[in-house]
Amino acid sequence: MRYAYFPGCSYHGTGKEYELSTHAVAKKLGMELVTIPDWSCCGATASHGKSHLLNIALPSRNLGIAEGMGIGEVTTGCAACYQQLANANKKMIENEDLRNKVNSITGKPYKGTLKVKSIVEAIGIVDPETIKSQVVKPLTGLKVACYYGCLLVRPPEITGFDDPENPMFIDNIMKLAGAEVLDWAHKTECCGASLGVSNLDVAVRMIDRILAAAVESDADCIAVACPFCHLNLDWHQKSVNRKLGKSYDIPVFYFTELLGLSMGISPDELGFKTHFTDTKKVLSVVG
Amino acid sequence: MSIDTENKEFYPNIVGFTCNWCSYTGADLAGVSRMKYKPNVKVIRVPCSGRVNPAFVLRAFQKGADGVLVSG
Amino acid sequence: MAKRIGLFICWCGSNIGGVVDVPRVVEETKNYPGVAFATDYKYMCSEPGQNLIISKVKEHNLDRVVVASCTPMLHEPTFRKAIARAGLNPYMFDMANIREQCSWVHSNDKEAATQKAIALVKRALAKVSQVEPLFESSIPITKKALVVGAGIAGIQVALDIADSGHEVILLERESTIGGNMVKLDKTFPTMDCSACISTPKMVQAAQHPNITIMTYAELVDVQGYIGNFEITIKQKARYVDHTICTGCGLCTEKCPTKVLSSFELGMGKRKAIYIEFPQAVPNKPVIDPDNCRYLKNGKCGICKKLCPVGAVDFEQKDELIEEKVGAIVIATGYDLIKWEEIYGEYGYGRFKDVITGLQFERLVNASGPTNGLIQRPSDGKEPKTVVFIKCVGSRDEAKAKEYCSRACCMYTAKHAHQVIEKIEGGHAYIFYMDVRTPGKAYDEFYRRTVDEGAQYIRGRVSKIYQSGDKLVVMGADTLLGSAVHIEADLVVLATAMVPTEGSEKIAQLAGVNIDKDGFFIEAHPKLRPVETMTGGVFLAGACQGPKDIPDTVSQASGAAAKVAALLSNEEMATDPMICHIDEKMCSGCLVCKEVCPYKAISEKTITERIAGQPVERMVASVNTGLCQGCGNCTVACRAGAANLKGYTNLQLLSEVDALCR
């Protein structure tokens, strides 16, 4: 399967291990990720606060370039990039007036022929037997709380690939990797998103609730699919401990890292070293 | 025919045959709901769409209708 | 003789007159061939309007009339009666629908609406030029009614019809009559015991000499028409001969199979041979074939061995019973929406202690599975903190139904009151969108509940999750503008009322329309609320829309009055707009017979004289009682021998011509 691949900004910074692990896993699964040339900002969370048109135009520029690559589908790892691309794609397909207007702005005309998939969906729809055949070091005994956050599965009219209230795509992938997935309550609760940067006092309370639910469900680690979720749950664990007097020490992984681990890819290659929480615990469980 | 090449706007005259029990009532419901549609469809009430003889349709075209709607 | 048409154009106040230029329509149509008189009036359907028509018919010696006003669905009968009073045949008439199909839909373009109104009036004039007098005949009425569904609505309908002296078949698919009301504990706002007021009505129905109760039976076919329905009922096999059974209960006591009881809404158990509840009518058991060990694999049969009168009969089969009735009342009631399939945020039914209001009724009911002790399903503990969520499935355009289910605000107030009253140290929190309490003594009841300490929180619940043995309810208090987290022991959902399963099939059988939500549609929402557009078929209770008990009972009595009025006639007039065969033109091919959906056409032999010799030949013949006037035969007839009175070929062709001119 070939995809036009949109890396997004955090891939070069806080989400570097997501980038590394995504490519490593895709290679094992025979997925070809072709980076969209001259890609630009997806608009992220800032653009729709500024201008509706800008919010559609920024991702549409990338869709326009991707369409020219002759690959029918676009994928990206970051949940916010996915949301932006999927939202713009839907609006551009449905609204001809908007399409004409946006195309005149971006200069990269988009006809509306693409499908946008999250990397979660792209991996989730791979034949389970193909995935299983690559799993050489099953994560037996590892209890994983799969965390989806907000933008990956909601609103359902834009995302639509998984149940917005009790999503299962990451759970199913983790099961194929041999892990034990947990039925826990906070799969889709808000992680605080950019408040982790702008208003940490608020964010730590939100992060605390998610970490508490994961710990209560007896999780060894949390699996995520969004660089911001990872940033808040991983990096800000220390802040939660400091500000709220807690003592969390639960590793947080991108689901691609854990899947990669089960496929025998080395932790270094997957970017385990860039975590703030201690990943050794998990490595010791898996062996 | 009412296709006027001089006039850019084609304004077809449409004869509708609607069943008394469903689509005629449906057209009433559109009115009750204050929906809006173009006024160029005019309805003949029939007791059932099965009452519409193909001859009626041909007659409408023969007499200059641009379209015929049979609904039921 | 020249035709003398009277044309009367209605303003309907500003409904038509505000959009269509009525005087201009009169001006443009008054010279149409045959029009002898034309005028307009503010309200043609009013008494002075009708008198205007009558006086002008007489004054101008008119022989036919066109009224241009609203839809004929509304006032065709009104105006037909009016011209009959003026001495004309009521069928020398046609209407132009210039309101529903003109002024209301084209109010944004007054000129176009006026043009269309002129065209529609000309169509009616063209048709009325071709009409001929028609005469009604009469058919006898079967003085018996069928009531489908025996909840409180059906029981009330049956009792009222029976009291007026007519026979009633009260049909119920469950093994007992009673419906949902008998499951309730108390009824708001008076807190009467529900069973205490409904079970005596069940007994009354059972003992009434004019009522035949048929339980465990379903309607499978309806033929015929108002006054003369032929119905087929499937009596499901009970595997117990009720003519012998004494209802001693030994069989149910000894039956070894226990399954979840649907009467208890899964909160309690019953046996495979069972009586739904102690006051059931009839108070005799049936065997559930899906769970009976003998019927499934031929082993057991304890009930048969023990029955002192030998009433258990494993060989019993479903039976079809045919009946004739003159009227049908649909009273099929409601189910609760399947919230488990919709609301993931409330756990998709995974949490045992998230229950519906109806399940709560069983918990708090002295004859329920917990003998009236409020015990939560998961561990049987008494809940201290109970959270109620209203509008689950109601008023939710995104996920479920747009409408308000009407009874939930009141029963939730009742439940909150019961929590506070029955549970020591009990707390009730109610998440609501609005509190709606229109009804006698309703708001007073709600106020009292608030005064007793029920905490009403205006906002929605975004999530429920299990944390230890608590259910954490996350919601919003939109009045305080803050998030709310409540650790609850039990959560009760006020789920939307939806039409009962299978009501769509009943609608098809009875030829009645249902709305987008599946509720039966009444003939007019304000003025004909218990009738349907199908003659002889009436509605009662929640099958027509969500209702509480007082409204249901009122509507049931209303429907019964309509049925009693119909059945008090010996015979009724038939619609004369039916098929007519011109025997001279009929070749006897009988293609018409093939296409007739009402089996109204048969062959008959006539004798003709050809060259002085009598010759016998076959022609088609129409049964005027069965013909419903659909006109399918007229299209199939190659010779043009079949024609439909009131919708003749000539009439329809002249209408086409008028619209194309």
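Begin by selecting chain C and colouring the chain by secondary structure: 19 helices and 34 strands are assigned in chain C. The coordinates belong to a predicted model, and the mean pLDDT of chain C is 95, with 100% of the residues scoring at least 70. For the complex, the predictor reports an ipTM of 0.92 and a pTM of 0.80.

Orient chain C along its principal axes next. The C-alpha trace then spans about 90 × 70 × 40 Å. Of the 661 residues in chain C, 47% are buried. If contacts are drawn between residues of this chain at least 6 apart in sequence, 70% of them join residues at least 24 apart.

Now colour chain C by domain, using these ranges:

- domain 1: residues 5–128
- domain 2: residues 144–236, 318–333 and 500–570
- domain 3: residues 250–306
- domain 4: residues 336–497
- domain 5: residues 579–645

Select domain 2 and domain 5 of chain C together; a distance of 39 Å separates their C-alpha centres.

Move to helix H12 of chain C, residues 357–364, which is mostly covered, with 7 of its 8 residues buried.

Turn next to the contacts between chains. Two pairs of chains touch, and the pair formed by chains B and C has the most contacts. Here 28 residues of chain B are in contact with 32 residues of chain C. On the chain B side, select helix H1 (23–32), strand E2 (41–46) and helix H2 (54–62), the elements that each give two or more residues to the side touching chain C. H1(B) supplies the largest share, 6 residues. Colouring the side of chain B that touches chain C by residue class gives 15 nonpolar, 6 polar and 7 charged residues.

Finish with chain A. Select its contacts with chain C: 6 residues of chain C are in contact with 5 residues of chain A. The chain C side of this contact holds 2 nonpolar, 3 polar and 1 charged residues.

Definitions and conventions. Residues are numbered from 1 along each chain as its sequence is written. Chains are lettered from A and ligands numbered from 1 in the order in which they are written. This is a predicted model: local features need pLDDT of at least 70, side-chain atom pairs count only at pLDDT 80 or more; totals for chains, interfaces and linings use all residues. Two residues are in contact if their C-beta atoms, placed from the backbone, lie within 7 Å. Helices (H or I, at least four residues) and strands (E, at least two) are DSSP runs, numbered from the N terminus. Ala, Val, Leu, Ile, Met, Phe, Trp, Tyr, Cys and Pro count as nonpolar, Asp, Glu, Lys and Arg as charged, and the others, Gly among them, as polar. Domain bounds come from an automatic or database domain assignment. pLDDT is the predictor's confidence in each residue, from 0 to 100. A residue is buried if 20 or more other C-beta atoms lie within 10 Å of its own, exposed if 12 or fewer, and partly exposed in between; C-beta atoms are placed from the backbone.
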